[in-house]
Amino acid sequence: MARSSSKDAQDLFRALWSAYAATPTNLKIIDLYVMFAVFTALIQVVYIALVGSFPFNSFLSGVLSCVGTAVLAVCLRIQVNKENKEFKDLAPERAFADFVLCNLVLHLVIMNFLG
Amino acid sequence: MSKLIFIFLFLAFIPLLCTSFTPERPSDRRVLVLLDDFAVKSSHSLFFNSLKSRGFDLHFHLADDPKIALQRYGQYLYDALILFSPTVERFGGSVDAAAILDFVDSGHDLIVAADTNASDLIREIATECGVDFDEDPAAMVVDHSGYAASATEGDHTLIASDDFIKSDVILGSKKIEAPILFQGIGHSLNPTNRLVLKALSASPSAFSANPKSKLTSPPSLTGSSISLVSVIQARNNARILVSGSLSMFSNRFFRSGVQKAGSPTKHEKSGNEQFFTELSKWVFHERGHLKALQLQHHKVGESSEPSIYRINDDLEFSVEIFEWSGTSWEPYVADDVQVQFYMMSPYVLKTLSTNGKGRYFTSFKVPDVYGVFQFKVEYEKLGYTSLSLSKQIPVRPFRHNEYERFIPAAYPYYGAAFSMMAGFFVFTAVHLYNK
Amino acid sequence: MAASDAQNGVSSVRHAFGNVLAFFILLLIGVLAFSIRLFSVIKYESVIHEFDPYFNYRVTQFLTKNGIYDFWNWFDDRTWYPLGRVIGGTVYPGLTLTAGTLWWILNSLNIPLSVETVCVFTAPIFSAFASWATYLLTKEVKGTGAGLTAAILLAMVPSYISRSVAGSYDNEAVAIFALIFTFYLYIKTLNTGSLFYATLNSIAYFYMVCSWGGYTFIINLIPMHALLCIVTGRYSSRLYIAYAPLVVLGTLLASLVPVVGFNAVMTSEHFASFLVFIIIHVVALVYYIKGILSPKMFKVAVALVVSVGLAVCFAMVAVLIALVASSPTKGWSGRSLSLLDPTYASKYIPIIASVSEHQPPTWPSYFMDINVLAFLVPAGIIACFSPLSDASSFVVLYIVTSVYFSGVMVRLMLVLAPAACILSGIALSQAFDVFTRSIKFQLPHLSDHSQVDAGEGSSENVVPNDSVKADKTEDTSKERTSKKSKKKEKEPVEKPLSKSQIKKRLSVLPLETSVVAIILLVLLGAFYVVHSVWAAAEAYSAPSIVLTSHSHDGLHVFDDFREAYAWLSHNTEVDDKVASWWDYGYQTTAMANRTVIVDNNTWNNTHIATVGTAMSSPEKAAWEIFHSLDVKYVLVVFGGLVGYPSDDINKFLWMVRIGGGVFPHIKEPDYLRDGQYRIDSMATPTMLNCLMYKLSYYRFVETDGKAFDRVRRTEIGKKHFKLTHFEEVFTTHHWMVRIYKLKPPKNRIRGKTKKSKSKTSSKTASKRKGLKRNPF
């Protein structure tokens, strides 16, 4: 049972990897960007667990900036994904402009909240 | 004729009167003396002369003189009143008990001397001031062990008492050696009344009863709870002296020698003169009158007074306190003046240090609590006028830009936020280039 | 209807005409929404109403005078003496900033309006905005026709009018607009999947957080809707785009508002959104993997992910629960708890329960506040289910939750009103749609004119103000039956136009029925209009600071409040403290500019309880309490002479309860005779000796000789008494406000007098704290 499930898992990961390898490069870049943001967020969570929550607003803004970046990047990824039928009439340029606007607002707020 | 003289005197004293109204000179100047008969004026001349020699302007009137008046056009004509009229049932003119009490309530001083058979009027005035004379009109204070040995009468109503109030402010710094001769009615005080003080109390063996009749029931007043002379300082700092004996003030008592029964020392002169001279100085505000001014506070390192403090500010506080010496304001020196920084309860309580020139100062940190605070100086010391000063000052929390910034512990978060921003730019570039 | 224009518009000219018509209708709706709220200015004068608006007005004045940074850091030392209040950190600044900005813009355009004028008219202006927002929201849900109908309904809905008449300068005035607009942007994002709208949505949410504590409704309703979509299998990537950025940006923006701050992440009100945030990510990942894997491999993946994912989920939930449970109130604020558990407030927090607008509403108040909409809502819900879209399911969820909340607190009727308007708008519009189409298909030669007819039908809603239909029940039952019959053949709005032609032929009703039904619907609308205008003119326009009453000899105006406040501001020292029950705190600071002990911002229960205790104590104890708070004047409101029912004697039991909650020596049963609250000769001695009774009825017997209280309709119990520690300094013309001054302590302390009297007099002459009346 255990072996079969681990074999299944291996199969699964192989299938996942091959399926993922087929995604276009620009989506992969976005994925990398998301991974970077999530990783930074995790580091901060570990850090706050170590040193305590004194400058809580800084922690919040730090983590939320990462989470926000990740979420917005995911949104962008959804919109520029050619396979996604829902957004066929949404031009990638428009999607990217929205993304930039959203990020500007996000970072403005973060700057306000950081200090 | 006397009226004319009075008016003339009044006019002559106008410059003096004008100055005497200012709070800068709290000592009384014009004193109205109400007498039962003018014989008292001569029989008590020593006391009156001591007042006159200190600059008081005494106006003698019979208590039932229909022309006497305490005030005219809403202005009081006198600064103090001496009632040496224990038997008067009605005052003349517009004066009555209520008028006298109003006189006190507007900040003027009063000396009341009662005696055996004191009238209801005098008793009522005394009661209003917190002094209860023995109900029995014929009662006197009798002391079978503390009587004055020089007395010839055998009923021991002439008492030699040396149980003074322990206050240099009230009785002067010079110790009164000789006992005080007293013959008259005793009174009691409500122990919960904080305003009234026993200046002279009877000895523990004293009691108050009618010496002429046999004692049938236990006397209502006994022992040292009997007060012979009391002083009262009202809340507005008006001072009142109530004595159970008019003869205490008389030349006879002032001059007579005294030997307390059972005591070997015989004093040439009773303590009465010194006692009443000192006491009258106190009553007429020649001693123990304080004033506070220049309540100032400011932040450390600044000199102007702010309209609001911030929590945890360091501030300096100072106040000036002076005492009236009878002729001028002298710096008051004490080590027990305290300031409270008060909001419902004192958050800071500090004893002020003084520079010996009347200035008291301290510095402290504003507590970590915001609200509307008060600087409070409440100084109530036995014999002194009470000082109660307060100054309201709000204390605010930090402004939004007064909090700490760039906390080292938060650097990773700053780093994360800025790396996200940098990442955003890099990503934008890459994303656009890739397309 | 313009809606049918838009739908049937075969030519682009007609389409454009429809748009222009819709635009003008919207403009008229805005004018209507604004002008229907001006009754209070016309009938009374241009004043700020009630209690809270006075505080907002005062804050706005401060803002316009001192600028935004001073406002942000404003520490107010004139309220809650001696604690003070950090206004900047405890107030929802949205309304103030809005009015301040308006004033600033007008002034920089050289239109010199006073701050007060701007404040008075802020609410009507924003109600016009709110009706436009309603149009947008409903348009997203069911098209232009429904949108216009909903907008016109909202412009006149009495519940909203009650909070937004000119002068009612309160948070709700702008918050309702913000609420509807946020919802619109959410739906818009959901329908388009555009990040642009998502950003706007967060900013609208930020404005809502700035404006009103009711923003928690949004941050709970939207997650509920997202969850509902996920559970019903309607997840889409549009939902992700609509939801995830809103949570992140919204939380960040909400934390920027000082009054919310860390609450945005620390309290349970917001946890639902985080939980759904996690769930939506898991779901998004699952959908993504499903998309890129073959079905077989997906099954394997599900098996694996479910086992791992469940463990992670449980861990997260456990952490959340631990967080929640660690706080004493389970992380919920009192007002939210009283929402979830309607009995909570009356059990634990009398101060919340004491406010009349926190009480559950009565059934008539539903009819009064939303009128015929209550009957149209079920029809609207049905219309939303055919077909069910993401947007319409959101509206349904909105109405269901708001009906519950309005059932708990009268005040939240205001949240219900827009939902009711939207659904009624949908219902009416659909009904007209069906009926006009039936007529059109049976009278083909009239088809050209039918749109015009329908269009007039909708605008006629505004005009008629006579002929109130008496048998409205018949009306509505008719309404419902017709609705049921057409339920099956309801036309989906989003369907392409060409296909509907065939269907429409199937869904025709008999001509006569249609005509009668349309007439009935118009009558129904007319009834609603008449009721709304009546409500705006009569019921909700009273500023409560000026009262009027009609009697046989004409109109009486009671302007006692302003008289009293003016007296205070002219006859007392600037730093004097005035004590009153907290209802009058805001007005005293705003109008009399005097320091108060407690006010309508009931943040410190102990302080209020102290005042309550003083009011319910005997005179001497009360004097000591007030003196310790440096109070110089005590203000009581007394309606016994003119019959003003909401006076302090009627509020007195709350003072006893709140006081007794903190100071246990005040016991409510002491004030009640056999459980009854009475002030006549049967009243308890505690009641007759308490300060509130004495201050209210002092010298009352001198007015008519009988001391007949016209509010309680009884003769008072104790008529002749004297005050020893208080003295009356001012009583207004109609005795509605009475102001007393604390007497200073006696200069001398009396001794005993005669033996007979000695006992009593020594008692009264016991010691008191020293206040020097006349220091040298």
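Guide: Two strands pair if DSSP finds at least two bridges between them, while helices (H or I, at least four residues) and strands (E, at least two) are DSSP runs, numbered from the N terminus. This is a predicted model, in which local features need pLDDT of at least 70, side-chain atom pairs count only at pLDDT 80 or more, and totals for chains, interfaces and linings use all residues. Residues are numbered from 1 along each chain as its sequence is written, chains are lettered from A and ligands numbered from 1 in the order in which they are written, and side-chain values use heavy atoms, with hydrogens and water left out.

Visitor: How do you know that strands β5 and β7 of chain C are paired?
Guide: The definition asks for at least two bridges, and 3 bridges join β5 (residues 577–579) of chain C to β7 (residues 631–637) of chain C, so the two count as paired, running parallel. Within β7(C), C:Val634 is the bridge partner of C:Ala579.

Visitor: What makes β6 and β10 of chain C edge strands?
Guide: In chain C, 5 strands form an open sheet of mixed pairing, in the order β6-β5-β7-β11-β10. β6 (595–596) and β10 (726–731) each have a single partner strand, so one side of each is left without a neighbour in the sheet.

Visitor: Which residues of α21(C) are called buried?
Guide: Buried means under 20% relative accessible area, with a 1.4 Å probe and protein chains only, and the residues called buried include C:Leu373, C:Val377 and C:Cys384.

Terms used
Buried < 20%, exposed > 50% of the residue type's maximum accessible area, 1.4 Å probe, protein only.
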